[in-house]
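Open the model in your viewer and keep the selection tool ready. The tour goes stop by stop.

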Amino acid sequence: ESGSCDVTGLSNGTAYTFTATATNAGGTSAASAPSAPVTPVTVPGAPTIGAVAAAGSTSATIAFTAPASNGGSAITKYTATSNTGSFTGTVSQAGSGTITVTGLTASTSYTFTVTATNAAGTSAASAPSAPLTTLGPPGAPGIGAVAALGSTSATIAFTAPASNGGSAITMYTATSNTGLSFYRFQAGSGTFNVTGLKANTPYTFTVTATNAQGTSAPSDPSMSVTLVNAPTAPAKPTVVAGNKMVTVTVAAGGTGGTPTSYTVTGYTASSAAGTCTVQGASGRCDVTGLVIGKEYTFKATATNSSGTSAASLASEAVIVQRVAGYKY
């Protein structure tokens, strides 16, 4: 009769030959000729996971260490697999090394496991790697205050985003609601000085951040700012003499931007003599500390966010007189 049996307790990776004897009531036969050599094998042990690093916005490298046991057969392949999306990468080698996994999604967190394969099959998976977030564009910057610098320029403040996407920010771009773009090459928060704007036009701005992986979403829009022309010279002031003072009334003149204040200056024949300020688009103020009996004229300049005008024509001359009832 013939048959088969399992021989256990052998060592994987060790070559064995086998002989057979036959036994009956009369005794046991001589041994057969030896069999051809055979080596028992099993799947490798699990590899050890190492460091992971982003290789870009869609790829990562995973380090691993070969298992203590190759299962009795040379390891021919290692495979790394992502926990999300089951993206894989392989290397054909027997020892430790790194594997690159591609096809990942930018700015996404992943962990990875590694298996080893030999002629008998594939090992259990390693423990998961530490989490890795792939590179991506920065987050959106924060928008700050916007202020007019004149009739054609403004400043825009911005703050760096909370995340740079894993890659240094190299540029910020400010874009107006009218489509104008301005660039600033820096990594942190700051301001833009933007030029080439038009007076009497309302502007808002957004800011984006750019790194090697791409450009962020835009910030929220800024508050609106409208630039104005500087005022032209106001009309000639009118004056009324008082007790050691003159009351001066000013009003807008010309076609420039609306004034927010006026500065009035008094003059004698030889020098300037006293000033006062009018807030608003028109009004009056008192120039005090003048000398009784002296003759004065007065000029006004107008100011707004874009600048200060030339001086007005001089007022009519006025002589400060003694006022009845005042003590001098």
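This is a predicted model: local features need pLDDT of at least 70, side-chain atom pairs count only at pLDDT 80 or more; totals for chains, interfaces and linings use all residues.

**Stop 1**

Phi is positive, about 65°, although N200 is not a glycine. Most residues other than glycine have a negative phi. Now show the surface. N200 counts as exposed because its relative accessibility is 56%, and the cut-off for exposed is over 50%.

Select K244 next. Its phi is near 55°, again a positive value in a residue other than glycine. K244 lies in the loop between β21 and β22 (245-251). Is K244 buried, partly exposed or exposed? K244 is partly exposed, with a relative accessible area of 40%.

**Stop 2: the salt bridge**

Select K236 and E316 together. How far apart are the closest N and O atoms of this salt bridge? The distance is 3.0 Å. The count of salt bridges in the model comes to 1.

Trace where the two partners come from. The pair links distant parts of the chain, 80 residues apart. K236 is in the loop between β20 (225-226) and β21 (238-241). E316 is in the loop between β27 (307-308) and β28 (318-319). Now switch to C-alpha atoms: those of K236 and E316 are separated by 8.6 Å.

K236 is partly exposed, with a relative accessible area of 39%. E316 counts as exposed, at 53% relative accessibility.

Leaving out residues up to four places away in sequence, K236 touches S312, L313, A314, S315 and E316.

**Stop 3: a buried serine**

Select S153. This residue has its place in the loop between β12 (142-148) and β13 (154-159). Is S153 buried or exposed? S153 is buried because its relative accessible area is 14%, and the cut-off for buried is under 20%.

Which residues is S153 in contact with, leaving aside neighbours within four places in sequence? Show A148, V194, T195, L197 and L227.

**Stop 4: an open sheet**

Switch to cartoon view. In what order do the 4 strands of the open sheet run? The order is β15-β14-β18-β19, with antiparallel pairing. The edge strands are β15 (181-184) and β19 (214-215), each of which pairs on one side only.

Zoom in on β14 (residues 171-176) and β18 (residues 205-211). These two strands pair in the antiparallel sense over 6 bridges.

**Stop 5: the largest pocket**

Rolling a probe the size of a water molecule over the atoms shows where empty space is left. The largest pocket has a volume of about 210 Å³.

Which residues line the largest pocket? Select G3, S4, C5, D6, V7, L10, F18, T19 and A20. Colour the selection by residue class. The lining divides into 5 nonpolar, 3 polar and 1 charged.

Methods. Residues are numbered from 1 along each chain as its sequence is written. Side-chain values use heavy atoms; hydrogens and water are left out. A salt bridge is a side-chain nitrogen of Lys or Arg within 4 Å of a carboxyl oxygen of Asp or Glu. Buried means under 20% relative accessible area, exposed over 50%, partly exposed in between (1.4 Å probe, protein chains only). On a 1 Å grid over the protein atoms alone, a cavity is a set of points where a 1.4 Å probe fits but cannot get out, and a pocket is an open set with protein on both sides within 12 Å along at least five of seven lines; lining residues have an atom within 4 Å of a point. Grid points are joined across faces, edges and corners, and a volume is the space filled by probe spheres set on the points. Ala, Val, Leu, Ile, Met, Phe, Trp, Tyr, Cys and Pro count as nonpolar, Asp, Glu, Lys and Arg as charged, and the others, Gly among them, as polar. Contact means heavy atoms within 4.5 Å. Two strands pair if DSSP finds at least two bridges between them.
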